[in-house]
Each structure stands twice: as C-alpha cells, then as structure tokens.
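Hello,

Here is the structure we spoke about, for you to look through. My notes follow below it.

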Amino acid sequence: MAENGSQLWLRFDKAAPLTAGFNSISGDPALKAFDEFQRACRLMTSAPLPVVNQAGANGLLIATASHPAIRALKWSKELRSLGPEGYLIRTVRLKGKPITVVTANQPQGVLYGVYHLLRIMQTGQSLSDLTIREVPTYQLRILNHWDNLNGTVERGYAGHSIWKWNELPAVLSPRYEDYARANASIGINATVLNNVNATPDILTAEYIRKIKAIAAVVRPFHIKVFISINFASPRVLGNLPDADPLRPEVRRWWKQKVAEIYREIPDFGGFLVKANSEGLPGPMDYGRTHADGANMIAEALEPYKGIVMWRAFVYEPGDDRAKLAYREFIGFDGRFHDNVIIQVKNGPIDFQPREPFSPLFGAMKKTPLMPELQITQEYLGHSNHLAFLAPMWEEVLDADTYAFGEGSTVSKVTNGSFVPAPVSAIAGVANIGEDVNWTGHHFGQANWYAFGRLAWNAQLSSETIAREWLAMTFGSDKKKLTVETVPEDILSMMLGSHQTVVDYMMPLGLHHIFAWDHHYGPEPWCDIPGARPDWLPRYYHNASKEGLGFNRTASGSNAVAQYSSPLKEWFDDPATCPEKYLLWFHHLPWNYRMKSGRTLWDELCFSYDRGVQTVRDYQKIWDRNESWIDAQRFREVQSRLKIQSKDAVWWKDAILLYFQTYSQQPIPYSIERPVHELDDLKKVKLDMKHHN
Ligand code: BDP
C-alpha cells in the first residue's frame, strides 16, 4: 500500500498484526467511541463488527457507567475513582465466556479507552485477560498552535496552517476531523487555534463564527477550543481610549466579548495570553500588574467556567535573562483567581536544545502552573533533523524540584499533587502544518504523539512511547511490527536522537548560540549593532581566552538561588553540577578537568564529533532498513538525514573553529578535521524568514 504519512499512527492497516478476534459488539452505539471502533474495524478487516444487544462470547462491550450492562457488573466503586476521563478495559467472564469491556463515567473516557484498545490491537499486544485502569496525569492536555490568521505559522516547518481561515466557516477542510481524531487517539482534549502573538481580529464576530465552525468539528472528539488574545483588543476593537485592566469600560468590554463567544460556543475553553512580552501589550503598559490583567480576564470567563492561561515568558532587560520570569512572577504567588493558570516554558530561557527546568516550578506554591513544551523544533533543526523529544520531556517532567521535599518532580508540582489546581494542565506548541504528512519530517509525528502520551501519563517511558509509535506508524505485509519486534536499531536511533542533536549543537549546557532570528544554524559570533545584548549569542557563551560559559553561581548572576536546596548548592558547585548543565551555570577555564579526565576543550570537541558520527550512523541504520520500509517515506527520511548529516558537520566546524580562536588549542588529533573555513561559515546567511 502506498504510504505518504498522511494517516499518522492511525493507519489501521489490514497488514497490522491483529490479535483481534472479537465476534460482536454491544453497548451504546450512540457513543463516538463505538463509532470510532467500528470505523477502525472496517479499515482493518473490511467490515464492522456485528452489533448485538447482549455481549456474547468474545464480544466487546463499549458503554458508559450508566448503561445497564455495566451497572450489572457492579463496578461503581472503582468507576467513581476514575473521574470524567479515566477508563477501565477488562476481560470478564459471563457464564464462562470472555467478554472485553471498555467503560468510563463519561463518553470521553470511553473514547480514550477505545483508542487504548485499538492501540493494543495495532501494536500486536495480547488481548486476553485485560485489567487496565487509566486516569490522566493532567486534566487539560492542550496543543498551542502558533498559527497566524493569514495562514502562516510562526516557527512552523510543515507548511502553512491547517486552519483555512479565509474559507471558514463555509468550507470545512476534511483535515479538521482527521486532526481531531488523531488528537483524541492520544488523549489531547484541547487546542489553542492561533498564535500567542495574537492580533485583535480573532475576537471579531467574523472570526468567532469561524472558531465556532472548527469547534463543531472537534467537539464530537471531546476537544475544547481556546484562542490566544491580544491584550489591547478593547482599545483596538472596542474604540476605548486604552486597555487598562482597572478601567470599568475595559472590564465591561471583556465581559461582553466573553458573553458573545459563549453564546456561539457554549463549551468554549478560554484564553491564552502573552502579555508584556516581546513587545506585546499588557497590563504593565498602564502601570498595572500581571495579576490585574489575568484576574480581569478570569472574572469575565468565570461564569462560564472558562480558563485563562497566562504566560510567564517574559524578560524585560535588566538582569540575567534566566532569572527574569521568576523575578517578575514570584511576588504574585497566590494572587491570581482560581481560573488562572500560569503557563511556564520548560526551561528558564527559551526552548533551547537542553535547559534545566524553570525555577518557577515548585517555587510558586499557591498558584497552579502548567508546563509549556515545544513540539515544533524551533531550536532543534526544524523539520530537517530527526530529534525524538520524549527523552527531553521525560527529563523535565521527572526533574526533582525539591520544593516540597524529595520527589516533588516538575510533573507532580504541576498536576495538582502539591499545589491545588482547579484544573491541571500541560501545553505543547504544535508542529502541525498542511504538509501531507502533517509535520514535515515523518519522525516529527512521533513528537506530536509523544506529547499526547506524556500529557496523559507523565510516567510513561520514552521507550514505551517510541515502541508504540513505531509499531503503529511503520510496518507492512513485508514486516509486521509489534511493540516487541520494532527494529532495535531504529528504536535506539530515536531514543538517542535528542542527545545527538544536543551533542552537535549545544553540548554541556551551552545555549542560544544560534543564528539570528531563524534559530537554525550556528552563529556564535553574531553581532547586530544596537541589538539587545541578551538577543546575542555572546551574552550566553561568554567565550574568552580564559574560558567558556555563563556564571550563574553565587559569584555570578546567582540564578542558582532561585532553585530549592539541595539543588541550588549542587548547581552552584561545578563538581556536583550535572555536566549536561555545566556551562549553563558555570564559566570554566578551557583546561577545566571533566569527569572523563579530559579538559573542557577536548570534551567539547569530542561531543561535537560524537554528534556528527552518530548522525552518520543514523544514515546507515535507515538505509539498511530500506527493504521493508515503504518507498516514499523511506526516501523522504533518507534525504532529511543527509541534510542533518551536513548540518551536523556545519555546526561542529563553526563552533569548534570559532571557540578555538579563544581556547588556542588544537582539536584532538583523533577527531575528524574541519572541512570548512571559519570565514566562509561566517558568511552563510540563510534565507529563512520567520513568519511573524
Ligand atoms: C520564542 C520564539 C517566538 C515566540 C516566543 C514565544 O522565537 O517566535 O513568539 O518564543 O514563545 O521561542 O512567545
């Protein structure tokens, strides 16, 4: 069968290694879950299952808790502990006959249960004696689209936006439903349709009708729609003199606007707000605070149970940029309304290839916080590089903040375990565009998949996620894949790929040494006269004849002080600071002795070289699997690996040759020699406009 990636992990291929064997289906045919199972069944076996009134031997029963067949099972106690989205999948014996039951309190739980069951089937796991109970880690699992109303996507590398605003509401692209299904299949239950750099237009009556049309398509899949708003909207759209959050007319404007939205979309989710950040308007324009701004909007949304996600991505110049969000927000702890969640990027700066977690996690003890992860690879090779991000996110979610004692990990301080959260949430900046395969790189799909799976269950291992995704996404008659039989070489390529990108871009805690604006290639030398210092790489790497790195210890910017003990002491001392964050927290001499026994300079050289060599290995791994991979996807991934390989060499040569002008030391002779001249590399200017 021809494959172009458009079906994602939902290929429901007839060749899939089905352990299937259901004879009939019963329960509640009005449920979307029921429909979806039958749809998948048709694709897998050409025919849906016969619908019967009562489950018979090898039957499947799909229903909510209130259905008589489920009530008869007397599981009410267990069902009560599941909340609205949790589910049970169990094999029961009725009169000696095995029946598989998928049930939950609410229809959405049943839908997630059905997709779990389908996943078991698609990945060739056993269907007998199932005893599955799942409850999500986060209640709101939300994609953030950075899609502009003109169809471009900020930091999007998979073509234009999937939202065809100019055709809406009259024309509904069939992709909207595919999108909703894909998200529901991995537990994503909300979406922010437009860029955080929002224009006021999204709040006009015209756009509200368009949003309503999208909401109608995704609603059956239990997905709620949110939008990003521009704080100045009352001034721009409402002709008010300003947007001061304490001005009664402004407050009234928001209330009326929110009422207008809910009249059209009764289950609307709420707003995402980027305010007083990177030049966008906000409450501080009027001498007010983040709390004033967020609470005003929260008040308007409150009667409808809407939510405000207020971003903490702020960095007014002044101090070490890594400290700024914390400094600006910590004083507001406990001062936000109940329906405000502060949305915090995983790291303190900006989605770098690797950052330590943001010190706001755990530090705000009375305010619900939600992590914002970036699925789109703005700083990780766009859609050209293969970088499976589950390991990076696992590292963040499992990081111990120590804020509430040992074990208060980032996932636990954000999912309501320590800080009461009326709604716990996690966001991922989408990597989706109108490309046939949705994400540009076929392996970019794995990051969308991984975000959903981790948002549902933050304890899942990257390996489990990669196995599931590979088994569902690849595989054919020639090679049937199950979670156990996925090719080990491709699996390990995926699992190591984030570290590999870090190795050839920014190892050992280096960060933000990218080219200006497009964030693709290396430009550690970049200098733009008049630019803010913290927009330039030099600010971050501080290379000099003496050494390299950013001193954030007590003798430097003291960013370490924003972390809880014992972390702050560990980070403060190069001997205990994890080497992966070494140059994030320390400025060290070129001859500093690393744990490997090598000098810092040599270690850097070896990291870059390891990155290059490993990408070359990825090319070999991919090529030797050619015989069983469908032709188009094989070729497309192969050609992107070539680009990645060349880029890795570009990175290695640029960074090592440039830093060598400071270290004045030879590149260890066992390492492949540079093939570029530094002066030539300095002339490289990519024509990659960032759509803003
Ligand atoms: C940066 C991006 C920029 C975004 C900004 C944000 O470069 O395009 O608008 O983050 O998150 O990473 O607001």
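This is a predicted model. The protein has 21 helices and 15 strands.

Of the 692 residues, 63% count as buried. Among contacts with a separation of 6 or more, 72% are between residues 24 or more positions apart in the chain.

As for the surface, the accessible area of the protein comes to about 25100 Å². Carbon and sulfur atoms account for 50% of that area.

Charges were also counted: there are 74 positive and 75 negative ones. The mean position of the positive charges lies 5 Å from the mean position of the negative charges.

Last, the cysteines. A disulfide is a covalent bond between the sulfur atoms of two cysteines. How many disulfides does the model have? The count comes to 0, with a pair of cysteine sulfur atoms having to lie within 2.5 Å to qualify. C41 has a relative accessible area of 6%, and because buried means under 20%, C41 is buried. C526 has a relative accessibility of 4%, so C526 counts as buried as well.

Regards

Technical notes. Residues are numbered from 1 along each chain as its sequence is written. This is a predicted model: local features need pLDDT of at least 70, side-chain atom pairs count only at pLDDT 80 or more; totals for chains, interfaces and linings use all residues. Side-chain values use heavy atoms; hydrogens and water are left out. Helices (H or I, at least four residues) and strands (E, at least two) are DSSP runs, numbered from the N terminus. Buried means under 20% relative accessible area, exposed over 50%, partly exposed in between (1.4 Å probe, protein chains only). Contact means heavy atoms within 4.5 Å. Accessible areas come from the Shrake-Rupley method with a 1.4 Å probe; for residues, only the protein chains shown count as cover. Lys and Arg count as positive and Asp and Glu as negative; His and the chain ends are not counted. The place of a charge is taken as NZ of Lys, CZ of Arg, CG of Asp or CD of Glu.
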